[in-house]
Amino acid sequence: MTVALFLEQMLNGLQLGVMLFLMAAGLTLIFGVMGLINLAHGSLFMVGGFVCAAVAAWSGSFWLGLIASLAAAAALGALVEIVVIRRLYDRDHLDQVLATFALVLMFSEGVRFVFGSFPLYLDPPAFLSGPVTLPGGLPYPAYRLAIIIAGLAVAAGLGLLISRTRLGMQIRAGESDREMIAALGVDIRFLYTVVFALGAALAGFAGALVGAIQSVQIGMGEPVLILAFVVIVIGGIGSIRGALIAALLVGVVDTMGRLLLPMLLSNVMHASNAAGVGSALASMLIYLLMAAVLVFKPKGLFPANA
Amino acid sequence: MKKLILGLTTAVSVVACVAAASAEPVKVGMITTLSGGGASLGIDSRDGFLLAIKQSGNKDVEVIVEDDAQKPDLAVQLADKLIQSDKVDVLTGIVWSNLAMAVVPSAVAQGKFYLSTNAAPSQLAGAGCNPNYFSVSYQNDNLHEAAGEYANAAGMKKVFIMAPNYPAGKDSLSGFKRFYKGEVANEIYTQLGQTDYAAEIAEIRASGADGVFFFLPGGMGISFMKQYAGAGVEVPLIGPAFSFDQNILQAVGDAALGVKNTSTWSKDLDNEANKGFVAAYQAEYNRLPSIYAAQGYDTGNLLLSAMASASVTDADAFRKALEAADFKSVRDKFSFGPNHHPIQDIYVREVIKEGDIYTNKLVDTALTDRADAYVADCKM
């Protein structure tokens with residue numbers, strides 16, 4: 001294996017991690033602040049991808065699509081919070097899982113109803129569509145580099161929002177003691193709607209960004225949702241910083257595992273078998289990582305209420 | 001008034017029965033995927049099949065369509081319902097091999113006919129073949145074998161091969177290697193449903209291969225081809241038609257242009273049946289047909305041809321009529337081998353753009369009169 005391949009795979013891992021962070025940030029905020037398990041988060045990711053593809057096809061501009069996907073996911077998130085989610089805060093987690101799973105099914109069929117059954121077309125903007133040459137002569141897709149930069153910028157912005165603004169203060173207070181901040185005169189219902197819409201917007205943003213290099217199709221959110229849950233468990237539920245570090249960790253471990261395991265195994269067995277076994281082991285790797293983290297730190301790496 | 005209408009309808013149906021006395025009505029149960037990520041395949045299979053029935057004007061065929069949502073357990077329930085409560089004579093429509101394996105063996109054991117519009121796993125072609133099971137599509141390995149043969153013809157010496165880590169993926173790579181004579185640069189199994197191929201693309205770039213064979217059906221192929229184009233790797237791609245059907249290409253866009261793929265059918269195959277089919281499909285559904293639609297259409301016509309010469313109540317005669325395959329296939333050649341799988345030519349197509357539409361054009365024939373690798377194991 002060459003140094004160039006190793007570096008390229010590290011960048012790929014970073015890019016996957018950044019994308020997972022956008023999903024996990026919303027999920028962990030919603031769980032941390034409201035104690036709600038939201039399975040429909042993957043559907044908001046899908047809606048982001050579909051809205052971006054539809055608006056980009058209609059207007060010819062990817063950027064307009066990106067803005068529209070943010071707005072649509074946030075609006076849909078707020079609507080869902082007001083109509084459905086609000087009634088679930090006092091219920092136990094099983095009820096929440098059932099209700100939000102029902103939302104997943106409704107969103108999937110709703111998207112089919114609006115956009116049809118066939119995958120939609122969405123391409124990155126022209127100036128990001130090819131490869132760029134990184135220092136050292138390594139060609140790398142410009143769009144993936146843009147995702148890394150955009151994701152890290154969102155992470156920084158979210159960090160500032162939580163630690164420096166009034167809204168962030170209320171969110172942190174809501175995580176520690178929701179009755180107390182209600183008693184202090186903060187409109188907790190409004191705060192919940194805002195947090196939910198923020199998480200939804202991040203998921204929609206991720207869906208739109210990823211839609212340009214993947215298939216915009218029904219059910220595209222569910223595989224990402226599972227990884228995002230792994231991320232927030234590893235990172236510590238409710239912690240943005242934990243979500244960022246865990247997302248990058250999962251991204252890099254997953255990518256490097258897929259590369260290295262078949263290579264290592266081919267030293268001890270036939271190449272064809274090594275490919276099959278290595279691939280199977282690689283797909284387990286992040287779950288093994290999660291199990292290992294839980295053994296040593298049962299509340300995750302950076303528990304929010306430590 | 002009501003009585004009059006009733007009387008009239010009875011009279012009409014009596015007349016109709018007399019007129020069609022030779023043809024026994026046939027009830028068809030179609031189990032296919034109409035919801036979820038794989039829905040576009042099932043919708044095309046259904047639409048192609050129903051178009052054939054509609055064109056024939058044959059009123060003796062009743063089709064009950066059910067959605068399996070790509071779930072094997074649901075497909076089994078639907079098959080039980082269709083057989084036991086709807087009393088169908090023929091089952092068809094399943095897109096995915098794992099669903100076919102769950103449904104077909106028990107359906108044919110109960111004496112029903114099964115005509116496959118798509119899935120044709122090796123288990124049902126070899127030792128597990130059955131007199132009542134017919135694959136109208138291909139045997140699963142066929143398109144991969146043709147890709148291997150095409151790689152030889154195109155002078156590829158070192159090919160990077162890749163498929164998802166599930167039974168059809170393994171069959172795909174072994175099918176490719178059965179015909180490909182050069183060196184395998186690397187063999188990779190991806191996760192089923194994987195959406196990001198950055199790691200694999202980096203390996204392709206580093207491998208020094210002069211060709212890439214990939215089998216990534218549905219959304220996986222869309223993701224891979226877009227990312228491959230974005231990475232600027234110049235190594236030519238080949239694959240089976242599953243990643244290049246009419247509906248998928250529109251979502252891939254320019255990234256697919258020029259890619260070679262192997263198929264049993266192409267919309268520009270020059271025969272009367274195919275020209276008529278493509279025009280009628282466009283008129284009926286306002287979109288171009290895919291390979292799934294073509295296979296569905298052939299399945300419909302095969303059934304109609306058998307009904308014209310035998311009654312479904314006489315299973316032996318009906319089976320003989322199916323074996324004769326006396327219908328005008330949209331593929332140039334079509335006949336059944338001894339294991340009830342097709343003997344046909346397998347073509348190479350290239351992705352092109354016609355106006356605003358991405359589609360395929362024929363460029364070559366990879367395999368002529370190809371049966372399959374399992375026919376010798378079939379004893380029936």
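This is a predicted model: local features need pLDDT of at least 70, side-chain atom pairs count only at pLDDT 80 or more; totals for chains, interfaces and linings use all residues.
Residues are numbered from 1 along each chain as its sequence is written, chains are lettered from A in the order in which they are written, and side-chain values use heavy atoms, without hydrogens and water.

**Stop 1: the second largest pocket.** Select B:A185, B:N186, B:E187, B:I188 and B:E203, the closest to the pocket's centre among its 20 lining residues. A pocket is an open set of points on a 1 Å grid over the protein atoms alone, with protein on both sides within 12 Å along at least five of seven lines; lining residues have an atom within 4 Å of a point. The space here is about 330 Å³, the volume being that filled by probe spheres set on the points.

**Stop 2: the largest cavity.** A cavity is a set of points where a 1.4 Å probe fits but cannot get out. Now show A:R258, A:P262, A:A275, A:S279, B:I188, B:Y189, B:E200 and B:E203, which line the largest cavity. Its volume is about 80 Å³.

**Stop 3: the second largest cavity.** Move to chain B and pick lining residues including B:F244, B:W265, B:P289 and B:R349. About 60 Å³ of space lies in this cavity.

**Stop 4: A:L7.** Which is A:L7, buried, partly exposed or exposed? A:L7 is partly exposed, because its relative accessible area is 45%, and the partly exposed class lies between buried (under 20%) and exposed (over 50%), using a 1.4 Å probe and protein chains only.
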